[in-house]
Amino acid sequence: DENVDVALLKIKVDHPLPAATLGDSSAVKVGEWAIAIGNPLGFDHTLTVGVISAKERTNIFSGQGAAKYQNYLQTDASINHGNSGGPLCNIRGEVIGMNTAISTPNDGSIGIGFAIPVNFIKRSVPDLERTGKVVAPRLGFYTQDVNATLAKALKLPTKSGVLVTDVAVGGAAEKAGLKRGDVLESVNSKPVTNAPELRSRIYEVD
C-alpha cells in the first residue's frame, strides 16, 4: 500500500522458515544502538551500525514519492540504495523498523536515514491480509498547520498544532463535536505539530 509504503508477501514453502523477532518500536529511545541490514548496491547481507537519531519524523520525501502516513525512526546507521525493505534492529537483534528512505544532497548516505517503525507495520498487516490495502480512518475534516504567523493573525493561544479549517456535514468529526477554528494539539495525549503527524496519530489509534 503506497499510503504506508508497506507490502505483504505470501511465500509458499514445504518446511518452516526462520523468522526474525519483532520488537516494540514505541519503547525505542533516542541514542540507542541501531543496526541496519540490507543489500546496498548489490552487496548482500550488509550490516551497518549507528544510533537512533530521532523518532516520529514526518514530511519525508523520497525519490519515489512520499507515503501518506509517516512516523519514521531516524538513524545514522548507513542506509543506501538496496537497504529499503531490510530490517532496522536493536542491540538484541529485534526488528524495530523497516529501512525505507534517506535524506541526501548527493544520492548517497550521509547518516540521515529513516525506517518505518515496526509497530506501524504490525498495525498495517491485518488490513493487508484482509483487503490488500490499509483501511485508513475517515473522520471528515480539513486542516492547516499552525505556525507563528497564523497564530498571530488568528490570535490563537498556541504557535503549533493543526487548525481545523472545515468539517464535513454528517462525518465522524462533526458527530464528535469538532468545529471549524478548533486547534488540535494532541491525539491520545501524544503531541501533534503538523497535518502528517496528525494523520499518523489517528492511523495508529486502535
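**Exercise 1.** Find what the buried residues of helix 1 pack against.

*Solution.* Start with the buried residues (under 20% relative accessible area, 1.4 Å probe, protein chains only; exposed is over 50%, partly exposed in between). In helix 1 they are Val118, Phe120, Ile121, Ser124, Asp127 and Leu128. Next, look for contacts (heavy atoms within 4.5 Å). These residues pack against strand 5 (95-102), strand 6 (113-117) and helix 4. Helices (H or I, at least four residues) and strands (E, at least two) are DSSP runs, numbered from the N terminus.

This is a predicted model: local features need pLDDT of at least 70, side-chain atom pairs count only at pLDDT 80 or more, and totals for chains, interfaces and linings use all residues. Residues are numbered from 1 along each chain as its sequence is written, and side-chain values use heavy atoms, without hydrogens and water.

**Exercise 2.** Locate the bend in helix 1.

*Solution.* Take the angle between axes fitted to the seven residues ending at a residue and the seven starting there. At Ser124 helix 1 bends by about 30 degrees. A proline, Pro126, follows within four residues. Ser124 is also one of the buried residues. After the helix comes Gly132, with a positive phi near 85 degrees.

**Exercise 3.** Classify the aromatic pair of the structure.

*Solution.* Ring centres must lie within 6.5 Å; planes under 30 degrees apart are stacked, over 60 edge-to-face, the rest tilted. The structure holds one such pair. The centres of Tyr72 and Phe114 are 6.3 Å apart and their planes stand at 40 degrees, so the pair is tilted. Tyr72 belongs to strand 3 (residues 72-75) and Phe114 to strand 6, so the pair ties together parts 42 residues apart in sequence.

How values were computed
Phe/Tyr/Trp six-rings, centres within 6.5 Å; stacked < 30°, edge-to-face > 60°.
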